[in-house]
Structures are given as C-alpha cells and as structure tokens.
Amino acid sequence: MNKDDPFGFDMSVSSAKKKNPRGRRGMSGASETSTRVCDHDGCQEAGKYRAPKAPDVLDDYFWFCQQHVREYNNKWNFFDGTTEAEMNAKLSEGKVWERPTKPLGDPEARAWARLGIEDPHQVLGANATRNPGKGPQAGRRLPPTERRSLEILDAKDNMTKAEIRKIYKSLIKVLHPDMNGGDRSQEEQLQQVVWAWDQLKASRNFKD
C-alpha cells in the first residue's frame, strides 16, 4: 500500500509492529520487549522466555532466561502426578479430540423398542426361528405389525373384527386407570393394547 495515503493511514504490517511492539518474538522464541527478570531463584538475567506453570494452568507463565527455560523444559512432564488410569483416559479422549462420541443406533430398532420389542424378529413368534412350511398348521400370512397385535390382544388370526373388539374392550376395562381405581401402573400395557386394536380395526385381513 502507498504510505502517502491522502487520509493519513498507514496500514502496513511494519507500521503496526512499530506502534504496538508488545509481544514481539524473535526467531528463538524470546520476547524482545520483555522487561522481566528470570523467575529462577537467584538469577538476575532478563526473563525473555515464557513457560507454563503447570499442566492444568497453561495460560499462566514463568519467565526465564534462555539457560533456565531450557532446564525447565527438560524437566517438564505434562502427565506428572496423574495415575495410569487417568493417563489412559486422557489418551482415549485425545483420539476423538476430547469430544465424546454417541452410539449411532438403529432408528428401526428404536421404533420397535417403543412397542416393547427388542428384536424385530420377535413379531414373528416361533416363525422367527423355524419355518413350518405351508401345511395347515402354518396359519395365515399377516404383516408383522398385525401378527404382533394379535399377540398383544391374545387373539387368533381366524377371528372376526367383532370378536377381537370384544377382547379389546375387556382389556381396556382391566387396564384403564378410570376403570380400576386410578391405578396407572399398567398404562404402558394399555398403550400397547390401544395400538394393537388400531392396527387390526383398519386391516382388510379380518372380516367385520
């Protein structure tokens, strides 16, 4: 930039250093503008080299001369005073930049878990582990949600919707807080029963 700026501003880097020399460092790391005395006991040399006071106080410094900062750095141990377990924990945190990771999980598995199912294959009951074939004992082929709904209501796949509705209403009378003295201990089971009936009443696989 032209130093003869008509507005009187000099934006050059060299000019900024002259105006604010604080913290200027030479090639050796020495603070050229420091007026401190070396913090080493009995030393009267200029303290131009800074060193952190402790591993957990990295923003507060001792100021030493060149000889004593070398001695201090040679004795420096970031893990001084830490146990082996603490050191291993620190190394583990360093692998992820001290940002703990969270398990990704499976959204589908979480969705099944809301229905009380740990493994989606549970909705198939015994069919999840063995194939009975297409014989008369095989039962009707139904979607997993409807098969699970029948299990929750303890209903059979050859029932009509009217028969299943009777089972549903009898369960509601037992589980609903308004019907059993305000007892809310079975609300989770009640929600499953309501969910199961919602699946079956809209199904085309059962006669009205």
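**Reading the core, a helix and the cysteines**

Analyst: Start with one residue and its neighbours. Leaving out residues up to four places away in sequence, L150 touches L142, A155, K156, D157, I164, L200 and F206. Keep in mind that this is a predicted model.

User: Which residues have the most contacts inside the largest nonpolar core?

Analyst: That core has 17 residues. Those with the most contacts inside it are L150, L153, A155, I164, V193, L200 and F206. Two or more core residues come from each of α5, α6 and α7. The largest share, six residues, is from α7. Another core lies apart from it, with eight residues, including C38, C43, C65 and V69.

User: How do I read a helix? Take α6.

Analyst: Check the length, then the faces. Helix α6 covers residues 161-175. At 1.5 Å a residue, its 15 residues should span 21 Å, and the end C-alpha atoms are 21 Å apart, so the two agree.

User: Which residues of α6 are buried?

Analyst: In α6 these are K161, I164, I167, Y168, I172 and L175. They cover an arc of only 140° around the axis, so they sit on the same side of α6. The general idea is simple. An α-helix has 3.6 residues a turn, so residues three or four places apart point the same way.

User: What do the buried residues of α6 pack against?

Analyst: Their partners are α5 (144-153) and α7 (187-201). On the other side of α6, K166, K173 and V174 are exposed.

User: How far apart in space are D198 and S149?

Analyst: Compare sequence distance with space. D198 and S149 are 49 residues apart in sequence, yet 8.9 Å apart from C-alpha to C-alpha. D198 lies in helix α7. With 36% relative accessibility, D198 counts as partly exposed.

User: Now the cysteines. How many disulfides are there?

Analyst: First the general idea. A disulfide is a covalent bond between the sulfur atoms of two cysteines. The cut-off used here is 2.5 Å between the sulfurs. By that rule the count is zero.

User: Last topic, the rings. How many aromatic pairs does the structure hold?

Analyst: There are four. Read each pair by two values, the distance between centres and the angle between planes. F62 and F64 form a tilted pair, 5.8 Å centre to centre with 45° between the planes. F64 and Y72 have ring centres 5.1 Å apart and planes at 35°, so this pair is tilted. Together F62, F64 and Y72 form one aromatic cluster.

User: Is F64 buried or exposed?

Analyst: F64 has 6% relative accessibility, so it counts as buried. F62, at 27%, counts as partly exposed.

Definitions and conventions:
Residues are numbered from 1 along each chain as its sequence is written. This is a predicted model: local features need pLDDT of at least 70, side-chain atom pairs count only at pLDDT 80 or more; totals for chains, interfaces and linings use all residues. Side-chain values use heavy atoms; hydrogens and water are left out. Helices (H or I, at least four residues) and strands (E, at least two) are DSSP runs, numbered from the N terminus. The expected span of a helix is 1.5 Å times one less than its number of residues. Buried means under 20% relative accessible area, exposed over 50%, partly exposed in between (1.4 Å probe, protein chains only). The arc is that of the directions from the helix axis to the C-beta atoms. Contact means heavy atoms within 4.5 Å. A nonpolar core is a set of buried Ala, Val, Leu, Ile, Met, Phe, Trp, Tyr and Cys residues joined through side-chain atoms within 4.5 Å. Rings of Phe, Tyr and Trp (its six-membered ring) pair if their centres lie within 6.5 Å; planes under 30 degrees apart count as stacked, over 60 as edge-to-face and the rest as tilted.
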